[in-house]
Each structure stands twice: as structure tokens, then as C-alpha cells.
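Reader: I am new to this structure and would like to learn how to read it. Please take me through some of its features.

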Amino acid sequence: MSPSWGTLSEPERARRRRRFALDVAADALVAREAPPEGVRPPRFDQIYEAARDPRAALTEPLAAALAADDRARTAFEALLRDGAVCWFPVAAAAASPTGLDAREESGFRIWLRPSSAGADQVYVLIRDREERDVRPMAIIALPPAGPPVCAPLPEDIDGVYQLIEREDSPLVRAIRDPASKVALR
Amino acid sequence: MRARVYIATTEGPVLVQRLAPEAGLAEAELSAVCLDGTPTRLPITGAYTYFVRDHVRALSGGAAYRMDLDRRIDGGSSWMLGAWTAHLLLSEGRLAVGDETADTAVYATGEVAVAADAERRDEIRPVDYVADKIARLAESAAEEAAGGRRVLLLVPQENAAEAETALRDLPVPERPTLRLAADTDDVRRALWQPGDAESTQPRDAESTQPGDAALASPADAAATPSRPGRGKRRRGGRVAALLALGVLLGAGAAGYAVWHNAEGEWERLRREGRYLELARSLDGFFVPMAAQRFRDRWRGQGDAAGFAVTVAARRPADGGSCSGMRFRRVSLVASPVTPSGPVFRLDRPRSLCGFAVGAASHEAAGGHAWVSLNLVPAHGAPAVLVPARKVLSGVPAESPVELSQDLPLYLQDHWAWTVTGVWAPRPSQDVADLLEAGDAEALAALKDLGLTVVRARIELAR
């Protein structure tokens, strides 16, 4: 006998809501009309791997396809948010004229610092304040428009992950943009 | 004194291009090692961070630095002595970076470690391949000396014998002054020892000052001043001519004997597979033409007819995807890949589960074969997923020499490997060491010594 909705605990309801949303997104992808000639929409298994596999790369064709297809992007975001080690939603705090230089969520802090080697280089630092069984292996940023960006994380040094990026790299621009969402996968 | 610092490696000396406190990393107490001023972060960054915390903070008070190198260093710990020397010079305002002028060049290899004895906090520990590192820095040291700079080689005390032997193999103009260090105090003494500034040549061979192990060079003996003449008795012209002829004949006979003995020695080294020693002996022989003649005799004379590298792609027998293979209960089959020139392209990545690389001869041949597979670093991540280097050796006549490489299910674009196959008449530790070190230049030189060396490239194609 199936349990009734009213008897479920709130966490269980939340879990089932998310699962339902994912199923709907998957169905939408499978049932869609044939794409125009020459356009290759991402398959659901590709989206699933890119969102859920900690070591999967986000290839350029897939990132471009996600940028061009709202439903695929919605499914990717839902899968990513659901499976992320940490999910940073759109930032509510007011940003400086140059944008955000730090984000905090669920024990993780991401912050940007300039490098002495030149104004065009910036450190992306991610600190994990908690002891966790699962460690993130990649950072994925979802800007409000354009393709998502993924960068593998190196080994942490005492709980801090260090990346060095160009100031104008898509990853740094996405982290600075308060309207972007960020996941540690 | 103002000095630039090189880290001696088996791939050649690596210059410390820039070293500076990094305020942006101070909050996290992290440091970074980068390539050539770019954002490329080298894999030794983690070890360097701990090195700064353990050994540099006490020196300068800083806990976050960025060091830029002109070439990659991907692992090991022998970079530490060079890094410590650079930090010492930086703390004294004597480190030359970029275009800054320098009167000294320091080459260093060694590990810096916290000593078990609390009285000696930082000790210098021995490292491997010192002779190879010295051989690879000779050209750079000669350029520094030609620029009028004092050239020092700093190695751990326990590597003294190996370093002295290796230095003797270098021509005198390329020979740096050897300095030994048992702890970090010795490094200070070695850098600021008085009396070095006048010459880049080795000093007194008897010198045993702390930190000093100067070598006497053959040139020192040759430069010994001759005693004044004592007045010669006049001799008849005929006697003098006969004497001169006798000297010439004697010298010729002696020279022939030395050459003959040297050729015998070279043959022995070649038979025993001691190719590095053979190459050094040939390079240092006093009659270059004789050494060249020996090389010419063996160049391209590898006995392995048709020795070649082969690649086979491993895919599910039903041609389906590799990731779904576990649900279909099919086995893998290997199919040979036809190269395009030296490049093997592996297409259809979804059905590609791995590949095998072999080194074999089409014709029956004895001897020993090696094959090495080296991942070409592309976007940083692949080395985490597959080994950076694999080496296998064997006897082709007994069983195929074949390396296997499984591929992760989720492939990345542009992955590539270089493949090197080597055939030699007998097993040789030198060949194995060169393949492990990935020393392409030295491997190519083996062709001059009668070995067969073939190269290829494997690329994953979308």
C-alpha cells in the first residue's frame, strides 16, 4: 500500500518533490519534438553524467547545448542542485561595483583574491569548514545567461582548495555575478 | 653578492623566475608555484605550501608566497634546497629575478627536512639522480660562467661522492664550484664564503671548509708554472732529430694504445648496456674524431629489423557503448589501429574502453624491448584519472611486450599520449631509467649507440 502524502515527514516530502521534478524534466526531454536539422540537443544521460559524476567534464559542445536549450538547462540545474556537495543560490547580498568577491553557504566559503603576479590573475579559494565524508571535485558556475562553466578542483590543502584563474575568465566572472548560481560537485 | 637560483632536475635546470610574498593567500596560509608567470599551477604547490610553513616562516616571517619557475616541476622533493636558497637570498635582498643583474648563479638539488635532532631544525637530505642532474646543467652553467658570474653547485653532504664524480666528467669551463650542505646553516656559509668572487674555477682540492668541496680540475695541473730553464747542453742536430722522431713515434704508439683500449672499453660498456656511461666516455674522449668514428659505426645499426610500435583499440564485441557494456554481458575485443604517419587516432570514444600498446618486430629478433606510454597533460584533470607514465619491458621473442590502458567512462576531448619503443641487444637499467624519467633527448641519442628507438602518438578523436 502506498503511503499517503499527509503521513510523510517534511524531509521526505521535499525529497519526493525533487524526485518528481527530475522525472518531469526527464520526460520533457524524452518526449520533445525532433530538433531542427543540424542541431544536436543533449541527451538525458549526458546531462545526468555532467551534473552528477564528480569527475565528469563539462565539454564545450554540451555547455553550449545547455546554454541554448532552456529545458535541458533546467534539468541540468535541478540534477546539479540535488546532488551537489554544496549549492550556492543566487546571491541576495548587495555586490560592490566589481561584483561579489565572496560567497558562503553550508560551511563552504568561496572567495577571490588578486595575485601579486599581475592584475590579470586572481586566486579562487574555497574553504570547507566542516569535516565531510564527501569532498567536492569540481566547481560549476551557472551564469544567468550563457553556458555553464566547470573547473576541476585540485587536492585541498588543510581544507582549502586553490585555483588560479584569469580575472576575465568565465568562472571568475560567474562567481562575481550575484545572479549566478554555483555548485561544488 | 646578488644571485639567481636554478633548481637542478633530471630534465635540466629550472630557473626561479620570481619569488614574492603573496598577500592574497595570507588569509588561508597557502602558497603557490606557477609556470612562467601564468595561472598554470604546478602540482608541487601543495608540498610547497607545507614547505613554506615548516621552513620559510622561521626565516622570513611570511607564510604565503608565490614562486614562478621557467619550466615544470611535477613532483619529488629535490626542489626544496633550491627553493630554500631562493628564500634565503630573498630575505637578504640578494635574490636576482627577471632582468635583474646577478654576479652569482646557484644550482641546487636536495631535500630540506625538519631534523629529528631539535638542535638542528632544518637538515639537508640526499636525493637521487644527482649525476644526471649535473650532466643536464652543464650547458647552462657554461653560459652563466661565460657571462662572468660565479657558478655554484649546492648539493647535500651525503651526495658528495656522486657529485664529485659527475663534475669530473664535465669539461672545465662547464664545471661549477661544488658546495656541500648538511643543514641550512651550511647553505648560508656556502653562499657567502669569501674568495669565490674572483673565479668560477674550482679552488684548492685540499679545502675541507664546511660547505666546501672544491674539485681540482685537470686544467689546474696543466696550469702549474714551469720551472725556469737551467741551461741546455748543445747537442748535435742529428741526435736531436732522432730524439724528436722517437718522441713522436712513442707518442703515436701511446695514443694508439689509449685509443685501442678506449674502443675496447666502449665495446664492453655497450655489451653491458651501460649506455649513459658509454655516452659520457665518448663525449669526454680526448680525440673527438675517434669517438665520432665509434658512433658512426653503430648509428642506425639496431639489429631489430622492422621494430615498431603497435596500438590496438579495445571495444565491446557488439560495438555498443562502453558505459553500458556491463548490462549487455559482452566481452571486449581488440582491433589493430592503422597509424597515420606516427599518429594513432582512436575514434568513436563512446565504444572505446581502452587500448593496448605493443612494441614488436615483424621479423624474428632476439634482444630486449621496452615500451613507455606518457600522458600528454592537456587540461589538468587527466593525470588524476589515468597514470601519467607507464613503462614495460620484456623479451619480444618470448612474449609480446604490451601495455594496457583502461579509459574512464567519461572521456575528455583532446587526450593524447606519446609512445616510445626501444629495442636493445640486452636488458639495460639505463634505458629503463631514461624511459621512467621521460628523457626524450637522451633516448634519441641512444640511436647513435646501436639501439632502435621509435616514437608514436595516440590521440582520442571525437
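Predicted model: local features only at pLDDT ≥ 70, side-chain atom pairs only at ≥ 80, totals over all residues.

Author: Start with one residue: apart from its neighbours within four places in sequence, B:Thr85 is in contact with B:Val5, B:Val106, B:Ala108, B:Leu154, B:Val187 and B:Leu191.

Reader: In which helix does B:Thr85 lie, and is B:Thr85 buried or exposed?

Author: B:Thr85 belongs to helix α2 of chain B, residues 80–91. Its relative accessible area is 0%, so B:Thr85 is buried.

Reader: How do the strands of a sheet pair?

Author: They pair through backbone hydrogen bonds, in either a parallel or an antiparallel way. In chain A, an open sheet of four strands runs in the order β2-β3-β4-β7, and the pairing is antiparallel. Its edge strands, β2 (102–105) and β7 (160–166) of chain A, each pair on one side only. From one strand to the next, the twist averages 20 degrees.

Reader: Over how many bridges do β3 and β4 of chain A pair?

Author: Strand β3 (residues 108–115) and strand β4 (residues 118–128) of chain A are joined over eight bridges. A:Phe108 has A:Asp128 in β4(A) as its bridge partner.

Reader: Where do the side chains of a regular strand point?

Author: They alternate between the two faces of the sheet. In strand β3 of chain B (residues 32–35), B:Ala32 and B:Cys34 are on one side, B:Val33 and B:Leu35 are on the other, and all are buried.

Reader: In which sense do β3(B) and β4(B) pair?

Author: Parallel, over four bridges. B:Val33 has B:Met67 as its bridge partner in β4(B). With helix α1 (residues 45–60) of chain B, β3(B) and β4(B) make a left-handed β-α-β unit.

Terms used: Residues numbered from 1 in each chain as written. Chains lettered and ligands numbered in written order. Heavy atoms only, no water. Pairing = 2+ DSSP bridges. Helix = DSSP H or I, 4+ residues; strand = E, 2+ residues; numbered from the N terminus. Axes fitted to C-alpha atoms, helices over the stretch in contact; angles between N-to-C directions. Buried < 20%, exposed > 50% of the residue type's maximum accessible area, 1.4 Å probe, protein only. Contact = heavy atoms within 4.5 Å. Right-handed = clockwise from strand over helix to strand, strands pointing away.
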